[in-house]
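Biologist: Please take one part of this model and go through it closely, together with whatever it connects to.

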Amino acid sequence: MKMRMDKILREIADEAYEVARLRRNGVKTARDRVFAEVLAELEANGDARPGSSAWWRAAQRAGHFIAKNHELQPTNGDSAQPIVRYQICKISRSNRIGFDPELNRRRNMGENSKIEWTDHTFNPWIGCQHVSPGCDHCYAEAQNAFRKWNGGTWGPHAPRKRTSEATWKGPIKWNAEARAFKEEYGHRPRVFCASLADVFDNQVPSEWRRDLFALIRDCRRLDWLLLTKRPQNIPKMLPADWGEGHRNVWLGVTAENQEWFDRRWKDLQNISAVIKFIFYEPAVGPLRLPKHGPFPDWLISGGESGGGARPMKPRWVRDIIADCRLRGVAPFHKQWGSYQNNPLVMERGMSPTDAKALDQYGKGGGMVDGELVREFPTRRDVAHRNAA
Ligand code: SF4
C-alpha cells in the first residue's frame, strides 16, 4: 500500500512542479485552480529541485493536504478507500487535467460524446455490413434496428443513408469553438468520425467521401479520428492531396484479436498519417504487439458490453499495456465491458456491486490494478519537431 501511495505522490509532485513551471513562465492553465494547494506547499519550499529530498517532502505534504481537503476521506472506515479514490482522480500524465471531479467528468465524457477517448462524434452517413468477428454484436446495427434510421435494414444490400445538412453543420460549429475548447481542456477537440458506419466502406458513394474530406479540410482546428475495419480500401479512397497525411486526421483500425491486428496493421502501417491507432475493442482474444516496429502511436482497449457480450481477460489488458509501454505506444484502457470481466470481480472475488462502488469508469469499470490508464498520443510531426 505504501508503495502505491508513494507512486501517486510522485505523480502529484510531477504535476505540481509542471504547474509551477508554467506559472513562472506566465502560462495560465486550468490546472492552476486544482493545484493551488500543491503549489502553496511547493512554494513554501522555495526553489526545491524536482527529485530532491526537499521537493519530495513538499510533494508528500501537498499530497496529504489534497487528500485531506478533497473527496478523499474514508467514507466507510476502510483505510484503502481514500487510496483508491485518489487513484481514480489521479492525473493522466499525457493529458493532465487535475483532480477537480467535475472537470474530470466533463473531460472524460467529452463535450458532445459519451465515448471516453473523443470529444465529439460525427456521422456523415449511417449503414454498414459485417466484416469480421468484431462486428458480431454491432452497436450501430442494433441501434438502427431500433431507431429505423436506415429503414431498419443493415448489411450488403441495405442502402447507406447520408445524414442531414444540420448534422453536417455540427463540425463547423465545433471548429469555430475549438480555440475556447483548447483553452479549457488543454487539447484540440477530437472528433470520432462514423461511429455508425465506416468511412472506407466501398458501398458508400464516392461523392459523399469527397464531401467529408472537404469538411475535414475546412475544420482544421479539429482532430478527426477515422476508424475502420477496411484498411485495404484506404489508399484508393484518400483524397488526392493526402501527401504525408493531413495534419488533422488520425487513422485507426479495429483489431479485436491477434489475427485481425496482424491483417489490418499490415495495411495501415504502410499508409502515412500523423497518428495511427489500434482499437482493440471489442477485445475477443489476446493481442500482443510485435517485437519490431513500425508500431502504432496509440492503442485503445476495451471489453464488449451488452447482451451476449464475449468475455475479456484482465491478462490480455495487462499484457497489451506492458507491450505499449515497452514500445512507446500510448495505452488507453477504456472499459472492461462488464463487471464480470473487471479484475476486482474476476480475480479478487468482489461482488459486481462492490466493484462498481470503487470503479465507475466506463462500462464494467475501467481501472487496471488500481489505476486509470488513459493516455493520448503525440502527433508524429510534433514529436519529430520536439526531438529535433
Ligand atoms: S464495421 Fe463497424 S459499423 Fe460496420 S458492421 Fe462492423 S461493427 Fe458495425
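**A close look**

Modeller: Arg209 has its place in helix α10 (helices are DSSP runs of H or I with at least four residues, strands runs of E with at least two, numbered from the N terminus). The model is predicted: local features need pLDDT of at least 70, side-chain atom pairs count only at pLDDT 80 or more, and totals for chains, interfaces and linings use all residues. Residue numbers start from 1 along each chain as its sequence is written.

Arg209 has 18 C-beta neighbours inside 10 Å and therefore counts as partly exposed (buried means 20 or more other C-beta atoms within 10 Å, exposed 12 or fewer, partly exposed in between, with C-beta atoms placed from the backbone). Leaving out residues up to four places away in sequence, Arg209 touches Val199, Val204 and Met237 (contact: C-beta atoms, placed from the backbone, within 7 Å). Met237 lies 28 residues from Arg209 along the chain, and their C-alpha atoms are separated by 8.0 Å.

The pairing of strands β4 (residues 190-193) and β5 is parallel, over four bridges (two strands pair if DSSP finds at least two bridges between them). Cys193 has Leu226 as its bridge partner in β5.

Six of the six residues of β5 (residues 223-228) are buried, so the strand is largely enclosed by the rest of the structure. In a regular strand, side chains alternate between the two faces of the sheet. In β5 both faces are covered, with Asp223, Leu225 and Leu227 buried on one side and Trp224, Leu226 and Thr228 on the other.

Elsewhere, helix α7 (residues 139-147) has Ala140, Glu141 and Asn144 as its buried residues. They span an arc of only 100° around the axis, which puts them on the same side of α7 (the arc is taken from the directions from the helix axis to the C-beta atoms). The buried residues of α7 pack against β2 (125-126). Lys148 follows α7 and has a positive phi, near 60°. The residues surrounding the ligand include Ala140, Glu141, Ala197, Asp198 and Lys229 (C-beta atom, placed from the backbone, within 6 Å).

Terms used. Two residues are in contact if their C-beta atoms, placed from the backbone, lie within 7 Å.
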